[in-house]
Amino acid sequence: LIRRVSTQTKPKGSSNLKILNESYVSDDFTNVSSKILSHVGRGLLNQEGHPLNLLKRKVVDYFYARFKGHMGNPIFSVYDNLPPVVTVQQNFDSLLIPKDHVSRAKSDCYYVNRGSLLRAHTTAHQSELVRMGLDNFLVFGDVYRRDEIDKTHYPVFHQADALRLCTQGQLTDRAGSEVVVFEGRTGKETPEKQAEHSIDATKIMETELKSTLVGLAQSLFGKNIQYRWVDVYFPFTHPSWELEVHFNGDWLEVLGCGITRHAILRSAGAEGSIGWAFGLGLERLAMRLYDIPDIRLFWSRDSGFLSQFQGKKPTDTIRYKPVSIYPQCYNDVSFWIPEGFVANDFYELARETAGDLLEQVTIQDDFTHPKTGRRSLCYRLTYRHLERTLTKEEVNKVHETICDRATEILKIQIR
Ligand code: FA5
Ligand code: MG
């Protein structure tokens, strides 16, 4: 998927990146690697019998059943094949994410170049779909984030996003009496609502949003689940909430949602509507739903994994049974860090070097020398192959290569 092509016109130091048959010129912002690009185009969501495909179909079926038009037709349209390279405008600007917001940092995203990146959320497509005139839609897609390493984090995962718009007329029809949606110039923003909106219209939308999402969680996990709403902040919604579900003794964050910022709708040509939106992580749900213990398994091509889902229907109950558990192996590394050291750079270098052998990286010690002020970190790297037993020699070799590369590229100094 990644191919470097030489051209005559490219600026010094840049090259052409080929992603899904499109060509991009790299620059000083480029930080996608061939390892990450090897995930682009895998199409797990659309692979018949993959657990993410089964979950996608469960979500779609729920929305089709819940929201019907006058003729009994489903009113949500579904997009599950939008290309993952998006512009900075789509991923951030169109969603009112401030220019200096942390989520834009090179340390958190995979940039193709200064103008484009691998989408960090499926919300990146919201504004263009509204501009196309859509008023009820679901977007499913692969998303890319530079992040920590453990059993529930992987640099590529999948999200579902939704948006639902209502005009004043539709809201009035639904309520059975006149609902005024907009407050006009005198409106003020409060914790409950945006300046542009009336409290009545906001509450109707909030109630529908929350009951839709609780209904979705119940349709996946059963009527008796325990859940709670947490107030949060997103630049593109207000008010905003997260839904947490109690699972195996823990509160699990399932999704973020809220009332779409009116400025987003206005600039996308839907100034006459009020809308709600949400975004949820599919792996987190699939891991609970199917008892999948490690997020790396979603990328497995092993038949021991895939065969347990093949030929199944979205309505079938499936419990994944680990084929066998191979032993873990860990090695520690302590080093002095140079100025400007970014932990995500180390995680990624480790992952690039070890590939999927690397299961987890945890920090064991963080020490600042009292005299020199130099800071040293100790990380524990846990290795485990999903499909066979690793030898100690094999792990040592990989571990040494990580240390060598980190010394050379990140300028760390091993203790
Ligand atoms: C977002 O991505 C917002 N775009 C969601 C949204 C959309 C809010 C529309 C309002 C309106 P957040 O970064 O919290 O928010 O991610 C949303 C969900 O994705 C999380 O609740 C979680 O389920 C999942 N998620 C986030 N990071 C990871 C990760 N590293 N691994 C697996 N799942 C993740
Ligand atoms: Mg969140």
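**Sheet and ligand shell**

I started with E14 and strand E15 (residues 375-383), which pair in the antiparallel sense over nine bridges. I picked out one bridge: Thr 362 has Arg 380 in E15 as its partner.

Housekeeping: this is a predicted model, where local features need pLDDT of at least 70 and side-chain atom pairs count only at pLDDT 80 or more, while totals for chains, interfaces and linings use all residues. Residues are numbered from 1 along each chain as its sequence is written, with chains lettered from A and ligands numbered from 1 in the order in which they are written.

Next I traced the whole sheet. It is open, with four strands in the order E14-E15-E13-E16 and antiparallel pairing. Strand E14 (358-368) and strand E16 (413-414) are at the edges with a single partner strand each, so one side of each has no neighbour in the sheet.

Which strands does helix H10 touch? I found H10 (residues 343-354) packed on the sheet against E14 and E15, its direction about 145 degrees from that of E14. Contact means C-beta atoms, placed from the backbone, within 7 Å.

Last, ligand 1. I noted 23 residues around it, with His 121, Thr 123, Gly 256, Gly 279 and Gly 281 coming nearest; near means a C-beta atom, placed from the backbone, within 6 Å. E11 gives the most to this shell, six residues.

Note on methods: Helices (H or I, at least four residues) and strands (E, at least two) are DSSP runs, numbered from the N terminus. Two strands pair if DSSP finds at least two bridges between them. Two residues are in contact if their C-beta atoms, placed from the backbone, lie within 7 Å. Axes are lines fitted to C-alpha atoms, for helices over the stretch in contact, and angles run from 0 to 180 degrees between N-to-C directions.
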